[in-house]
Amino acid sequence: MSVLPRLKIAHLPTPVENLTRLGSELGGYQVLVKRDDQTGLAFGGNKTRKLEFLLAAAQAHGAERLITTGALQSNHCRQTAAAAARTGMKCTLVLTGDEPEYASGNYLLDRLLGAQFVFTTRENRDQTLDTVFNDSWSAGERPYLVPYGGSSPIGAAAYAFALEELLQQGYHPDWIVFASSSGGTQAGLCVGAVRSNFKGRILGISIDEPQEILCQRVAALANETGDRIGIMHHFSVDDILVNDQYRGGGYGVMSNLERDAIRRLAKGEGLLLDPVYTGRAMGAMLDLLEKGFFKQTEQILFWHTGGSPALFAAQYQDVKLT
Ligand SMILES: *Cc1c(COP(=O)(O)O)cnc(C)c1O
């Protein structure tokens with residue numbers, strides 16, 4: 001199926017569930033959820049799919065250490081640390097922000113998974129990554145840099161195959177809605193749509209970037225990803241659907257939008273979301289449903305990208321989640 005080397009790490013295919021109570025509460029919509037929070041690697045998430053390809057590339061380079069970066073509560077860093085442990089590599093995480101007083105959420109898991117840490121500021125991030133990379137070489141190791149969010153063409157390709165997986169499961173939703181940030185998930189789904197002739201619409205809810213910036217990023221990455229797996233198609237900015245109206249106070253700042261969505265899905269469907277990504281994307285989708293943005297006859301699929309370990313992060317304990 002794939003022209004790219006791939007390690008089998010994820011539990012695939014992930015299930016698709018019908019949120020029947022939510023659908024009828026909303027007045028008779030059919031709302032599905034694709035459970036990529038269940039990809040299996042140390043609490044799973046969308047990065048596990050990307051890492052299947054990134055790890056195969058790292059191994060082909062003879063890598064002994066994975067290096068990547070993200071926020072303190074990065075799900076990408078947690079899954080990368082787990083993938084390193086799983087394949088017998090070392091791992092350094094370059095985390096932005098201050099080292100916290102005690103470990104919680106994803107950062108607690110990163111530590112359990114045996115990662116090493118370098119704390120830096122957002123501005124010095126790339127510089128710090130360079131230093132960590134060069135120090136590893138100097139120490140006689142072969143380092144491999146896993147791109148931010150796993151969103152290189154190789155990583156993003158995972159979501160082209162993920163879309164194919166969904167279609168093979170027999171689902172052809174009119175809309176796919178999900179949290180979009182570094183753009184790899186969205187770029188991959190868009191390439192997958194061309195590859196599999198999927199006609200539904202792929203709507204990314206922007207977590208942090210304005211629409212123009214995210215659309216440009218996704219279109220560029222989709223073009224590179226397509227090239228990488230032999231899809232001859234040019235994506236322009238206008239081919240990419242992004243809604244940036246739900247960014248609230250910015251990255252990782254939880255408001256009533258996320259809080260209400262997290263509670264509603266937990267109590268109403270037994271489904272756990274997260275404060276940073278899926279809570280925001282689900283909050284946006286519920287708002288769009290309530291505003292009549294989708295037609296009643298349309299089938300809407302929420303692609304759950306993971307992240308629930310952040311529910312246990314110290315920084316979200318004082319914001320009345322319970
Ligand atoms: C990384 C992440 C996203 C965003 O995916 P991108 O491919 O970076 O756009 C969404 N949800 C969760 C839970 C994530 O960890």
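**Before selecting anything.** The model is predicted: local features require pLDDT of at least 70, side-chain atom pairs count only at pLDDT 80 or more, and totals for chains, interfaces and linings use all residues. Residues are numbered from 1 along each chain as its sequence is written, and side-chain values use heavy atoms, with hydrogens and water left out.

**The whole protein.** Display the complete chain as a cartoon. The protein has 10 helices and 10 strands; these are DSSP runs numbered from the N terminus, helices being H or I with at least four residues and strands E with at least two. The radius of gyration is 19 Å, close to the 20 Å that the globule rule gives for 322 residues, so the protein is as compact as a globular protein of that length. That radius is taken over C-alpha atoms, and the rule is 2.2 Å times the number of residues to the power 0.38. Along the principal axes, the C-alpha atoms fill a box of roughly 60 × 50 × 35 Å.

**The six-stranded sheet.** Select β1, β2, β10, β7, β8 and β9, which form an open sheet in that order with mixed pairing. Two strands pair if DSSP finds at least two bridges between them. At the edges stand β1 (16-18) and β9 (241-243), each with a single partner strand, so one side of each is left without a neighbour in the sheet. From one strand to the next the twist averages 25°. Next, select β8 (residues 201-206): three bridges join this strand to β9, and the two run parallel. Leucine 203 has leucine 241 in β9 as its bridge partner. Axes are lines fitted to C-alpha atoms, for helices over the stretch in contact, and angles run from 0 to 180 degrees between N-to-C directions. Contact means heavy atoms within 4.5 Å.

**The four-stranded sheet.** Move to β5, β4, β3 and β6, an open sheet in that order with parallel pairing. The twist averages 25° from one strand to the next. Strand β4 (residues 90-96) pairs with β5 in the parallel sense over five bridges, and threonine 92 stands opposite glutamine 116 in β5. Helix α3 packs on this sheet, touching β3 (65-71) and β4, and its direction makes about 165° with that of β3. Select helix α4 (residues 105-112) as well; it lies across β4 and β5, at about 140° to β5.

**The α2/α3 pair.** Select residues 46-60 (α2) and 75-86 (α3): the helices pack at an angle of about 45°, with axes 9 Å apart. They are therefore oblique to each other, being neither under 35 degrees (roughly parallel), over 145 (roughly antiparallel) nor 65 to 115 (roughly perpendicular). Show side chains for Asn46, Lys47, Thr48, Leu51 and Leu55 in α2, which meet His76, Gln79, Thr80 and Ala83 in α3.

**Two backbone details.** Most residues other than glycine have a negative phi, and most peptide bonds are trans. Select leucine 12 and proline 13, joined by a cis peptide bond with omega of about -5°; proline 13 lies in the segment before β1. Finish at alanine 42, whose phi is positive, about 45°, although it is not a glycine. Alanine 42 is in the loop between β2 and α2.
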